Amino acid sequence: MEPTQTRDRRSDGASTRILAACLGLLMTDPNLLVNLVYALGVAVVGAAIAVRLGQPAIVGYIIGGIAIGPHTPGFVGDIAAVEALADIGVILLMFAIGVQLSLRDLLQVGRVASAGGLVQVMALIAAGYAVGTALGWPDKEALFFGAFISNSSSTVLSKVLSERGELDAPHANLSLAWSSVQDFSTIALVVILTSLATGEGGLGSTILVSLFRALLFLALLVPLGLKVLPWLLERLAGLHSRELFVLAVAALALGAAYVSSLFGLSLALGAFVAGVVVGESDLSHQILGVVSPLRDVFAGMFFVSVGTLANPGFVVSHAGSVLVAVGLIVLVKGGLVAAILGLAGHPFRAALLTGVGLAQSAEFSFILARVGAGLGVVSAEMFSLMLTAAAVSIALSPYLIRSAAALTARIERRSGPGERPKTPVPALKDHTVICGFGRVGRVIGESLAEAGHPFVVIDQDRRLVRELVGQGIPAITGYADSAAVLEQAGLERARAVVIALPDALAVRQVADYCRRLHPSLPIVARTHSEEELEYLHRLGVNDAVMGERELAMEMARCTLRCLEPGATIPEGTPQDQRQDRA
C-alpha cells in the first residue's frame, strides 16, 4: 500500500473517531441534541429564504431563531441549551474576525479612518445615550444601546460591495478600514461596559481595574501568540494531518476565550485577541481555512440564539422606537461618517458612499447586545429593539448604496458644465484616455508606456494624480462619468478610451457618453457580470472584458499546457468568445 493511501485512511479514521466522539457527547444529553437539530434546521431554512430574497444569511438565521423562540407558536427550543452552543459560535466568530484583521493594514489606513472612526463611535454612543435617557431608559441600558448603534458590519459591507464589483473602489477601502477601527473599539467597549454592569465601586475605579486586567491579559497572550503559537502551529502543520491542525486551532480559540474569562474578561475578547496575534503569522490563511467551516456552523447557532430572544410583537407595539433606532443607525451614523470624510477633504461621492455603506449594524453589535442581555442590563424589550433595528438596517443596505451611487452620478452630471479639473493637461493627439488608475488601470498604463503610446489618466484620487503629474504623466482629477471631466481629456483627438472603473454604473455612463458624442471612438471597458457584459455590447462598446472569464480561460490554457505539453494552445480564445458574443 502507498504511504499516501495509508495516511488518507488514517485521516479518514481520525475524522470518523472525532465525529463519533461528538455524537457520543450529544447523546449523553438528548435535550442538547434535539435543540441542535432544530436550531440547525431552522437556520438552513431561514438562510435559504433570505439568500433567495437577496438578503444576507444572518437575517435568515435570526428569523429561524424567532421561529423556535418562546414568542412564536410551535416548538420552543431550550434557550439555555441553544445559548451554550452559541457561546462556541461567538468564540469562533470572533477568532476568525481577528485572523482576518491585519494590524499592518490598520496602521496604514491613515489618520482619517483611525481618528474619524473613533470620533464616530464616541459620538454615536453619546447620541444613543442621550436618546435613551430622554425616553426614560436606565443609564446602563442607554449606554449599551449607544454602543450597539455605533458599530457596522464588515461582513454585510463586503457582501454588498462584492456583489456590485466595488471591492477595490476608493469608498470600499475607506469603508472597510473604518469598519476595522469600529471592530477594535467594540472590543474595548465590551470590557468597559461589562465592568460598568458588574462593578460595585466608582465608575473610574471600575474602568481602571478592567483595563488593568485587559492589559495584563494582553501582556501574557500577545508575546505567546506572536512567538510560541505560530511555532507550535507550524510544527503541527508539518505533520500533514488536517484533523490534528483543526483540533489545534479550535483548542487555541476556545482556550484563549477560557483564559480571558479567568481574568474577568469576556469570551469574545480572548478569542478576538488570539485571532489577531495569530493572524500576523504566515499560517493565517491556513488557520482561517480550517476554522471557517466550524465558524459558519456555530456562528449560525449564535444568530439563531439571538433570534430566540426576539419578540416579533414588539415591532408592532413599539413602531416609534424602532423607527428612532433605525434612524440613528442609518441617518445619524451614515451622515456623521460622510460629514467627517467631507471635512477631511474627501470627494463628495467617496464620502457619501462610505457613509451609506456603514449605515447598518450586525455581528459586533449583536455580541454587545447579547453581553448586555446576559448581564441583565439590557431588558428583553430593549434586546428586541436592537435586533429589529439591526435587521432593518441590514435589509436596507443594498438599496441605500445603489440609490446613493445613482444620486451622486445624477448630481455630478447636472453640475458638470461648471466643473473644471485643476490639473492642466497638454493638448495631446492620438492618445488613450484611461478612466480609473487602480490595480487594473495601472497595469494598462504601464503596458501602453512600454509600447510607446501616450495616454491621459482620469482618477478621483488627488494624491494619485499629483504623483502621476510629478512623473510626467498627464492626469486629471475628477470623476470619469462627468462630461466636463471627460472632455478635458481631449476625446475628440483620442485614439481609444479604456474604462477601468470598478463601479458598474459609472462604466455605463462613461460608455454611453463616449458612444453618443464620439461614435467612432474605440471603447474598451471593464465589467464584472454577464448582464453588464451584454448591456455594454448593446451600448456599442468595442470590447468588454469580464475579469473572471479571462482568469478562467487563462487557467484553462495553463491546464491544457500541463496536460498536452507538445500541443499548440490557442491564445485568442477569450477574445474570440467576446467577439462571438458581440
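F75 is partly exposed, with a relative accessible area of 31%, where buried means under 20% relative accessible area, exposed means over 50% and partly exposed lies in between, for a 1.4 Å probe and protein chains only. This residue is found in the loop between α3 (57-67) and α4 (79-100); helices (H or I, at least four residues) and strands (E, at least two) are DSSP runs, numbered from the N terminus. The model is predicted, so that local features need pLDDT of at least 70 and side-chain atom pairs count only at pLDDT 80 or more, while totals for chains, interfaces and linings use all residues. Residues are numbered from 1 along each chain as its sequence is written, and side-chain values use heavy atoms, with hydrogens and water left out.

Together with V34 and Y38, F75 forms a nonpolar patch on the surface, and the accessible area of these residues together is about 240 Å². Patches are made of residues with over 30% relative accessible area and no salt bridge, like charges being joined within 9 Å and nonpolar side chains (Val, Leu, Ile, Met, Phe, Trp, Tyr) within 5 Å. A salt bridge is a side-chain nitrogen of Lys or Arg within 4 Å of a carboxyl oxygen of Asp or Glu, and accessible areas come from the Shrake-Rupley method with a 1.4 Å probe, for which only the protein chains shown count as cover of residues.

The structure holds two aromatic pairs, a term for rings of Phe, Tyr and Trp (its six-membered ring) whose centres lie within 6.5 Å, with planes under 30 degrees apart counted as stacked, over 60 as edge-to-face and the rest as tilted. The ring centres of W137 and F145 are 5.1 Å apart and their planes stand at 80 degrees, so this pair is edge-to-face; W137 is buried at 18% relative accessible area, as is F145 at 1%. F437 and F455 form a stacked pair, 6.5 Å centre to centre and with 20 degrees between the planes. Because F437 lies in the loop between β1 (432-435) and α19 (439-451) and F455 in strand β2 (residues 455-459), the pair ties together parts that are 18 residues apart in sequence. F437 is buried, with a relative accessible area of 5%, and F455 is buried at 8%.

A search of the whole structure finds zero disulfides, a disulfide being a pair of cysteine sulfur atoms within 2.5 Å. The sulfur of C435, a buried residue at 0% relative accessibility, is 6.3 Å from the closest cysteine sulfur, in C514, which is too far for a bond.
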